[in-house]
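Welcome! Take a look at the chain below, and then let us walk through it together, one topic at a time.

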Amino acid sequence: PPPACPPPPRLFAAPPAMAFDPKMLAKMGINVETFGDMNAFGDPSWYQAFNNPGYYNTTHKELRAKIRTFVDEEVTPNVFEWDEAGEIPQEVYKKIGAMGLLPIS
C-alpha cells in the first residue's frame with residue numbers, strides 16, 4: 001500500500017475556538033468593533049468589522065456619530081411634517097451648515 005499522507009500543518013497556534021475570540025483578535029490589532037444591527041447584506045460593510053486597510057478611522061466614527069445625533073434629534077421628529085409640507089425648513093440647512101456639514105457654509 002502507498003504511504004499515508006502526513007496531516008496538514010496547523011494554521012493557528014491557538015485552538016480554533018480561541019482564533020475567533022473578539023478579545024484575542026482585538027489584542028492582535030484586528031478590528032472587532034461593530035455598529036448597527038449586524039444584518040448580513042443589510043448594513044454597510046464598515047459596520048460589520050470587516051478589516052479594511054484602515055480607511056475608516058476615528059474621524060469617520062466621530063462624523064457618523066455627529067450626523068446620527070443630528071438626525072435623531074432634529075430630523076426624525078419632524079420628517080412626517082416636512083414630508084406633508086413638501087419642503088424642509090431653511091433653518092435645518094442653516095443648522096447643518098453651522099455644524100460644518102455642508103460643502104459651502
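## A first look at the chain

The accessible surface of the chain is about 8900 Å², and carbon and sulfur atoms contribute 63% of that surface. Please keep in mind that this is a predicted model. The chain has five helices and zero strands.

**Overall build**

- Starting at the N terminus, the order of the elements is α-α-α-α-α.
- The chain has 105 residues, and 12% of them count as buried.
- Among the contacts with a separation of 6 or more, 18% are made by residues 24 or more positions apart.

- Which residues of α5 are buried? In this helix, which covers residues 90–98, they are Val 92, Ile 96 and Gly 97.
- These three lie on the same side of α5, because the arc they cover around the axis is only 135 degrees.
- Here is a handy rule to remember: an α-helix has 3.6 residues a turn, so residues three or four places apart point the same way.
- What do the buried residues of α5 pack against? Their partners are α3 (58–75) and α4 (79–85).
- Now turn to the other side of α5, where the exposed residues are Gln 90, Glu 91, Lys 94 and Ala 98.
- After α5 comes Gly 100, and its phi is positive, near 80 degrees.

- Where is Asp 21? Look in the loop between α1 (16–19) and α2 (22–27).
- Val 32 is also a loop residue, placed between α2 and α3.
- Asp 21 has a relative accessibility of 32%, so it counts as partly exposed. The cut-offs explain this label, because partly exposed covers the range between buried, under 20%, and exposed, over 50%.
- Val 32 is partly exposed too, because its relative accessibility is 32%.
- How far apart are Asp 21 and Val 32 in sequence and in space? They are eleven residues apart in sequence, and their C-alpha atoms are 9.7 Å apart in space.

Terms used
Residues numbered from 1 in each chain as written. Predicted model: local features only at pLDDT ≥ 70, side-chain atom pairs only at ≥ 80, totals over all residues. Heavy atoms only, no water. Buried < 20%, exposed > 50% of the residue type's maximum accessible area, 1.4 Å probe, protein only. Helix = DSSP H or I, 4+ residues; strand = E, 2+ residues; numbered from the N terminus. Arc of directions from axis to C-beta. Contact = heavy atoms within 4.5 Å. Areas by Shrake-Rupley, 256 points an atom, 1.4 Å probe, with all protein chains shown as cover.
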